[in-house]
Amino acid sequence: MIKSFLPANNQVALTLLLSSVIAGCATSNNVDVHLENQQQLQHFVTEIDIASQLTGTSEINWWRQLKSPQLNLLVQEALTNNYDLITSHLTLQSALARLGAEKATFLPQGEITINSERTSINNTITPNSTATLGVNWHLDLFGRISALVDAANASALSQAEQLRLLQIEVVSSVVSGYISYQGNLQKHHIISQQIDALQQSIEILQASVDEGVTSELDLNRTKAQLNQQQALIPEIEYLLQRDNSALAYITGKTLSDLTLIDQRKVIGYDLQVHLAQPSEAIALRPDISKALYQFSHEAALSTAASKALLPDISLSAFAGILSTTSATLSNTDQQWQVSPQIEWSLLSYPALLAQRNAQQYLSKAAYNEYQKTVLNAINESELSLHKLVKESNKQQFANNRYHYANKAYLQAQAMFQEGQIPYLSLLDARQDLLAAEENAVDSAISTLLTKVNAYHTFNGRWSYALSSI
């Protein structure tokens, strides 16, 4: 049994340590602060002993434990063809391009102009031509350009974490959908077997009623059970189509393009939840990283807004050649000019101060969002472990129920053949067995899905390996 991972005396430690972790970010605009804070978070998670019971082999490619080549192929196809992932990847490329554009502002900017014209005044034609090179270089003496580059860098890193978040969702959804599909196949098989058995019983009972040996009560009870089971078939078939449709959508296919084979045996596999380093599995979660990068982005913009209050120093240069007698740049005169320039928006101070204050509020909001994300990750991780325990216990009770219901049905069969019980008692025993069997299958599916959810929660390490699949 897993004990509580957050004892009462650790609640204060949680609040204090999270405050120190996040306060460390608030004093820096450098995205590299992420590494230091992640190390502090890992240390915190280790100290409160979250998921230490799950320490074991690496969780990389955890779904391969189900030994399903089709599932492995579906995961690979989803990571390659999912439209949301493709869109997120393109958005990341755009963010990287914007980062390159911001970095280019460190360099001098300018243009080359070549002009040729002929002017006629009072029938006198005057040709002239020019070729000029103009350069303007904003000197980043106060760090405003650096702050904007830091903001673009944090934005790109945030988008990279968003892509990893989507990859986690895609993989988890594929595995969950596949388990659900195979589980519904198993339930369809069980119900079909029960329908066949009831139809055979009806044939026997009908003959007995015709001979006057059995009352119609037994026959009608059996027919009622038959219709009850037949009514379940359309629902199961719809669920199969729903799972099939969901998997087709995630893998970027149409429903007609995806054909799933029968691999109901995966429901019986024991998917183990093992984490090589549970603290890293939490601390490296992409939602935490994304929130931190978003805070870095807003903090960098806040710095840039503050730097806008200071003078802007630039250096402009001009060099060219001029011909006043030719349109072909012959007989030219050279000219050049260098112009240092200082611009200080003193009259715009009220507006600039308001913009700085507005951005500082956004930085504080991002800070609180990061704090909330860390708390949510820890609480979500603990809850997923408690759910694992709950589903494991429920599955054990469900299996025991099926075991005893099967024994009771076999005993009822023997007693009915010996004439010790009426046929209605045998029907009740079979109905109990059917309910127990369906409950056992539902519990097995629920347990597997809970383990998938645990890997989905402790995603900080295995999600980094998805790019190599």
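I take helices (H or I, at least four residues) and strands (E, at least two) as DSSP runs, numbered from the N terminus. With that convention I find 11 helices and four strands in the protein chain. I note that this is a predicted model, in which local features need pLDDT of at least 70 and side-chain atom pairs count only at pLDDT 80 or more, while totals for chains, interfaces and linings use all residues. My residue numbers start from 1 along each chain as its sequence is written, and my side-chain values use heavy atoms, with hydrogens and water left out.

**Entry: the chain as a whole**

I looked up burial, where buried means under 20% relative accessible area, exposed over 50% and partly exposed in between (1.4 Å probe, protein chains only). Of the 469 residues in the protein chain, 41% are buried. I then looked up contacts (heavy atoms within 4.5 Å); among those between residues at least 6 apart in sequence, 83% join residues at least 24 apart.

Helix H3 runs over residues 69–81, and its 13 residues reach 18 Å from the first C-alpha to the last. That is close to the 18 Å expected at 1.5 Å a residue, the expected span being 1.5 Å times one less than the number of residues. Which residues of H3 are buried? I list Gln70, Leu71, Asn72, Leu74, Val75, Glu77, Ala78 and Leu79. Their cover includes helix H4 (83–104), helix H5 (144–210) and helix H7 (232–250).

Asn72 counts as buried because its relative accessibility is 17%. Not counting residues up to four places away in sequence, Asn72 touches Trp63 and Arg64. I also noted the pair Asn72 and Val175, which are 103 residues apart in sequence and 9.1 Å apart in space, C-alpha to C-alpha.

Two packed helices are described by the angle between their axes and the distance between the axes. I use axes that are lines fitted to C-alpha atoms, for helices over the stretch in contact, with angles from 0 to 180 degrees between N-to-C directions. Angles under 35 degrees count as roughly parallel, over 145 as roughly antiparallel, 65 to 115 as roughly perpendicular and the rest as oblique.

For H4 and H5 I read an angle of about 170° with the axes 9 Å apart, and the two helices are therefore roughly antiparallel to each other. On the H4 side the contact residues include Leu85, Leu92 and Leu99, and on the H5 side they include Val149, Leu163 and Val170. I sorted residues into nonpolar (Ala, Val, Leu, Ile, Met, Phe, Trp, Tyr, Cys and Pro), charged (Asp, Glu, Lys and Arg) and polar (the others, Gly among them). By that scheme the residues of the contact of H4 with H5 divide into 13 nonpolar, seven polar and three charged.

How do H5 and H11 cross, and at what angle? The axes of H5 and helix H11 (residues 423–457) come within 9 Å and cross at roughly 175°, so these helices are also roughly antiparallel to each other. The residues of the contact of H5 with H11 comprise 15 nonpolar, eight polar and six charged.

**Entry: salt bridges**

I searched for salt bridges (a side-chain nitrogen of Lys or Arg within 4 Å of a carboxyl oxygen of Asp or Glu), and the structure holds 13. One of them joins the side chains of Glu161 and Arg164 at 2.7 Å, N to O; both residues lie in helix H5, three residues apart, about one turn of the helix, and both are buried.

Another salt bridge pairs Asp442 with Lys187, whose closest N and O atoms are 3.0 Å apart. Asp442 lies in helix H11 and Lys187 in helix H5, so this pair ties together parts that are 255 residues apart in sequence. Asp442 counts as partly exposed at 34% relative accessibility, whereas Lys187 counts as buried at 17%.

I also noted Asp287 and Arg285, whose side chains meet in a salt bridge at 2.6 Å, N to O, and both of which are buried. Glu59, Glu280 and Arg461 are linked in a network of salt bridges.

**Entry: Gln334**

Is Gln334 buried or exposed? Gln334, found in strand S4 (residues 333–343), is exposed, with a relative accessible area of 75%. Leaving aside neighbours within four places in sequence, I find Gln334 in contact with Gly320 and Ile321.
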